Amino acid sequence: MRLAVISDVHGNLHALDAVLDDIARQNVDATVALGDFLSGPGDPVGVADRFIELDVPSVRGNHDRYITDGREEDWHIDALVRGLLNDGQRTWLAAVPPTLLYEEDVFLCHGTPRDDNGSFMDHMVGTIAAMHSREHIEHEAQGFDHAVLLCGHTHVPRSLRLTDGRLLVNPGSVGLPFEIGSPDARYAIIEKRRFGWNTELHAVAYDHDAAAKQALDKGYPRWAEALTYGWASPKGL
């Protein structure tokens, strides 16, 4: 089995299409998605339509939940996207489950298995991502005894082995690489081979200047900065 894994598109259709084009060359059996599809100033409606058309196994992210359910302190971009979606797009997004087990071996979540807003492998120190302790990571994985655990949320591509041999993978962000110093779109491929599951972490060049211009034209200069350089402003997005 050979699977492509995508996450955290954040409304960036330029990046999503570049990644899908690259995946089409990789001879994968399927693609799975880990949420935070739409929350961004690029083309969230176009991204929604693309995912509805693709109909890939998916889980929702915390910002997908904020868009469909709202929250007390609404992030401006979530409210903006909520107002752009039609009934069919809202219905699709609301129906995406929080977690999913794919083909018995592969468990999908956005943040951690229990919390779509939790961080599995990495956390932020200022504007820099740092890896959690082994104890934290092992604790978050307890009770989810599947060969592969997939997560997103932090936008940091990473693959590691738990002490019992399970594989834990974050593919990074397709559309908002704000803490790794590179504007490339990220995704992963996992493949089941003779001695277990392997990981390939991919970085795809795309027209990030066009994506940044969309953000700038809609009044989101810090998004544009992150899309251009792969670093977030110290003031955030």
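The model is predicted, so local features need pLDDT of at least 70 and side-chain atom pairs count only at pLDDT 80 or more, while totals for chains, interfaces and linings use all residues. Residues are numbered from 1 along each chain as its sequence is written, and side-chain values use heavy atoms, with hydrogens and water left out.

**The sheet**

Select the open sheet of 5 strands, whose order is S3-S4-S7-S9-S8 with mixed pairing. Strands (E, at least two residues) and helices (H or I, at least four) are DSSP runs, numbered from the N terminus; two strands pair if DSSP finds at least two bridges between them. At the edges are S3 (100–102) and S8 (158–161), each with a single partner strand, so one side of each has no neighbour in the sheet. From one strand to the next the twist averages 20°.

Next, show S4 (residues 106–108) with S7 (residues 148–150): the two pair in the parallel sense over 3 bridges. Val 106 is opposite Val 148 in S7.

**The loop between S3 and S4**

Move to Glu 103, in the loop between S3 and S4. Its phi is near 50°, a positive value in a residue other than glycine. Glu 104 is also in the loop between S3 and S4, and has a positive phi of about 70° although it is not a glycine. Glu 104 counts as exposed, at 62% relative accessibility (exposed means over 50% relative accessible area, buried under 20%, partly exposed in between, with a 1.4 Å probe and protein chains only).

**His 155**

Select His 155, in the loop between S7 and S8. At 3% relative accessibility it counts as buried. Its side chain makes a polar contact with the side chain of His 10 (3.3 Å). A polar contact is a pair of N or O atoms within 3.5 Å; within protein, one must be able to donate a hydrogen and the other to accept it, and residues adjacent in sequence count only if both atoms are side-chain atoms. A polar atom of the His 155 side chain also lies 2.6 Å from the backbone oxygen of Leu 176.

**Helices H7 and H8**

Finish with H7 (residues 208–217) and H8 (residues 221–229), which pack at an angle of about 170° with their axes 7 Å apart. Axes are lines fitted to C-alpha atoms, for helices over the stretch in contact, and angles run from 0 to 180 degrees between N-to-C directions. H7 and H8 are therefore roughly antiparallel (an angle over 145 degrees).

How values were computed:
Parallel < 35°, antiparallel > 145°, perpendicular 65-115°, else oblique.
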